[in-house]
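Please read the points below alongside the sequence and the 3D view. They are notes on a model, arranged by region.

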Amino acid sequence: MQPHPKVELYCDGACLGNPGPGGWGYLLRMGSKEKEGSGPEPDTTNNRMELLAAIRGLEALTKPCDVLIFSDSQYVVKGVQTWLAGWKRNGWRKADKQPVLNVDLWQALDAQLGRHRVEARWVKGHAGHAENERVDSLANQAARSL
């Protein structure tokens, strides 16, 4: 059995107003190869754009990979690391029995997580982290393109 390729995924979302026009961006890195992607959404929230950045980055992978996701969104990182398993077990309800917000995107992310072996790590935003600054720029450019 051949090992899965190791990939780094840097992802970020942006929203001009919350809600408002938004954008998402990602950077995939496998060795010396890189691939970027971004896109706008006309009326959205920052959390939705953070999720969409991770989803689109994982969707861009053409085969199962070992993926290390870097995000400045605690919402995404804690969701992947901790909350998602409980939400699924509880029928997409939080501990307080309320429905999970952005369930459509969490389900889409969960489907992508099923394709890969994923670890998520939080990085401090706007702190000079080169790749995080790059995806922040991609997300903001996409948001301003509307």
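1. Pro19 sits in the loop that runs between strand 1 and strand 2. The peptide bond that joins Asn18 and Pro19 is cis, with omega about 15°. The hairpin of strand 1 and strand 2 has 4 residues between the strands, and Gly17 in this hairpin takes a positive phi near 90°.

2. A word on the source: this is a predicted model, in which local features need pLDDT of at least 70 and side-chain atom pairs count only at pLDDT 80 or more, while totals for chains, interfaces and linings use all residues. Residues are numbered from 1 along each chain as its sequence is written, and side-chain values use heavy atoms, with hydrogens and water left out.

3. How many of the residues of strand 1 are buried? In strand 1 (residues 6–15) the count is 8 of the 10, so the strand is largely enclosed by the rest of the structure. Buried means under 20% relative accessible area, exposed means over 50%, and partly exposed is in between (1.4 Å probe, protein chains only).

4. Strand 1 has partners in strand 2 and strand 4. With strand 2 (residues 20–30) strand 1 pairs in the antiparallel sense, over 8 bridges, and with strand 4 (residues 66–71) the pairing is parallel, over 6 bridges. Two strands are taken to pair if DSSP finds at least two bridges between them. On the strand 2 side, Glu8 has Arg29 as its bridge partner; on the strand 4 side, Leu9 stands opposite Ile69.

5. The structure holds 10 salt bridges, each being a side-chain nitrogen of Lys or Arg within 4 Å of a carboxyl oxygen of Asp or Glu. One of them joins the side chains of Glu131 and Arg29 at 2.9 Å, N to O. Glu131 belongs to helix 4 (residues 130–144) and Arg29 to strand 2, so this pair ties together parts 102 residues apart in sequence. Both Glu131 and Arg29 are buried. Through shared partners, salt bridges join Glu8, Arg29, Glu34 and Glu131 into one network.

6. Leu27 is also found in strand 2. Its relative accessible area is 3%, so Leu27 is buried. The C-alpha atoms of Leu27 and Glu131 are 7.5 Å apart in space, although the two residues are 104 apart in sequence.

7. Arg117 and Asp66 form another salt bridge, with their closest N and O atoms 2.6 Å apart. Arg117 lies in strand 5 (residues 117–122) and Asp66 in strand 4, so the pair links distant parts of the chain, 51 residues apart. Arg117 counts as partly exposed because its relative accessibility is 49%, whereas Asp66, at 17%, counts as buried.

8. Lys88 and Asp110 meet in a salt bridge of 3.2 Å, N to O. This pair links helix 2 (residues 74–89), where Lys88 lies, to helix 3 (residues 103–113), where Asp110 lies; the two residues are 22 apart. Lys88 has 40% relative accessibility and counts as partly exposed.

9. Trp92 counts as buried at 17% relative accessibility, and Asn102 counts as buried at 18%.

10. There are 0 disulfides in the structure, a disulfide being a pair of cysteine sulfur atoms within 2.5 Å. For Cys11, the nearest cysteine sulfur is that of Cys65, 15 Å away. Cys11 has 0% relative accessibility and counts as buried. For Cys15, the nearest cysteine sulfur is that of Cys11, 16 Å away; Cys15 counts as buried at 18% relative accessibility.
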